[in-house]
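Here is a friendly briefing to read alongside the model. Have the viewer open, and pick out the residues as they come up.

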Amino acid sequence: MDYLAIIVITLISGVVGTGLGGVIGAVLKRDSNKIVSLLLSFAAGIMLAVVCFDLMNEPIQMMNEGRMPNYTPFIVVAAVAAGYGIVYLLNYFIDKRTNREVAHIDANHPSTADDLDELIHADHFKKHEESNSKLFVAGLVMMSAIALHNLPEGMVIGASYAAEENLVKTLFTSSGFIMSIVIGLHNIPEGMAVSVPLISGGMGKAKASFLTALSGFPTVIGALIGYALGGINDIMLVLSLGFASGAMLYVVFGELLPESILMWKSKLPALSLFVGVLAGFLLVLF
């Protein structure tokens, strides 16, 4: 029953979230930089609050309760660093592969995404309309890379649920559910980044949206792995929570915040981050 519940939750977060981004990329105009900027910074604030007030707090409580007398907080630090480093490498792979497939880093194409079209690679087909085959390959590479990227994000959800004593009772109130929501929001622009080059390369909108949704399926696999590892014993739970915390800290500081600030050079993204932290704190508290 526990595993079934996790599968359903992560299907919604991973497959539906990424698929929704694919549909948006297929049918809607992409001129809402300010709205997307505020959405990304708000999601970053919630993630940051959940990591600091819940995920990283759980190992501290376990140590204070004497459940891990032979271990020190440096184990948590090492696990957080490992999670951060692994997700950083995955994102480095994504950036390197997609940039190489369709060249767009030059005097007219900055390497940082300060526009929604650049963030989701819609600018590729504006500049390379004649290179449909390259755009199609770029979409496939992006789809594979995003699928790989979704695996540790799923582990975050699974590890969060592993810390719950009664998963069924806390299914919709725990940090795992909160994290599944914000990861789902985070997956929307990732889904757009997959569908836009696929469609521009000649694939039908329905098929591109379907394949985009499939790229979110590894979230389910990651969640099952995270939940299983966290349920082995206390030290594995601590390591899983630490890894999950590091992964989410990279998503916050390496992806969401830089993207939101570049897309709207204003103080309002910082305010949205602040509101997100407060909202995340209240969600964790209640």
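Leaving aside neighbours within four places in sequence, Gly 17 is in contact with Ile 12, Gly 184, Asn 187 and Ile 188. Please keep in mind that this is a predicted model. The protein chain has 12 helices and 0 strands, and 53% of its 286 residues count as buried.

**Overall fold**
- Read along the sequence, the protein chain follows the pattern α-α-α-α-α-α-α-α-α-α-α-α.
- If you take the contacts between residues at least 6 apart in sequence, 85% of them join residues at least 24 apart.

- Not counting residues up to four places away in sequence, Ile 24 touches Ile 188 and Met 192.

**Helix H8 and its partners**
- Helix H8 (residues 175-200) packs against helix H9 (residues 205-214) at an angle of about 145 degrees, and their axes are 9 Å apart.
- In passing H9, H8 makes a right-handed crossing.
- On the H8 side, Gly 191, Val 194, Ser 195, Leu 198 and Ile 199 meet Lys 205, Ala 208 and Thr 212 of H9.
- By class, the residues of the contact of H8 with H9 are 4 nonpolar, 3 polar and 1 charged.
- With H11 the picture is as follows: the axes of H8 and H11 come within 13 Å and cross at roughly 35 degrees, and H8 passes H11 in a left-handed crossing.
- This contact is made by Met 179, Ile 183, His 186 and Glu 190 from H8, together with Met 248, Val 251, Glu 255 and Leu 256 from H11.
- The contact of H8 with H11 has 5 nonpolar, 1 polar and 2 charged residues.

**The nonpolar cores**
- In the largest nonpolar core there are 47 residues, and Met 47, Tyr 161, Met 179 and Met 248 have the most contacts inside it.
- At least two residues of this core come from each of helix H1 (2-27), helix H2 (33-55), helix H3 (57-64), helix H4 (73-101), helix H7 (132-162), H8, H10 and helix H11 (234-263).
- H11 gives the largest share of this core, 14 residues.
- A second, separate core has 11 residues, among them Met 143, Ile 146, Ala 193 and Met 203.
- Apart from residues up to four places away in sequence, Tyr 161 touches Ile 6, Ile 9, Leu 167, Thr 170, Leu 171, Ser 174, Gly 176, Phe 177 and Tyr 227.

**Helix H10**
- Helix H10 (residues 218-230) has 13 residues, so at 1.5 Å a residue it should span 18 Å; its end C-alpha atoms are 18 Å apart, which agrees.
- The buried residues in H10 include Pro 218, Thr 219, Val 220, Gly 222, Ala 223, Gly 226, Tyr 227 and Gly 230.

Technical notes
Residues numbered from 1 in each chain as written. Predicted model: local features only at pLDDT ≥ 70, side-chain atom pairs only at ≥ 80, totals over all residues. Heavy atoms only, no water. Axes fitted to C-alpha atoms, helices over the stretch in contact; angles between N-to-C directions. Helix = DSSP H or I, 4+ residues; strand = E, 2+ residues; numbered from the N terminus. Left-handed = near helix turned anticlockwise from the far one by under 90°. Contact = heavy atoms within 4.5 Å. Nonpolar A, V, L, I, M, F, W, Y, C, P; charged D, E, K, R; others polar. Expected span 1.5 Å × (residues − 1). Buried < 20%, exposed > 50% of the residue type's maximum accessible area, 1.4 Å probe, protein only. Core = buried A, V, L, I, M, F, W, Y, C linked by side-chain atoms within 4.5 Å.
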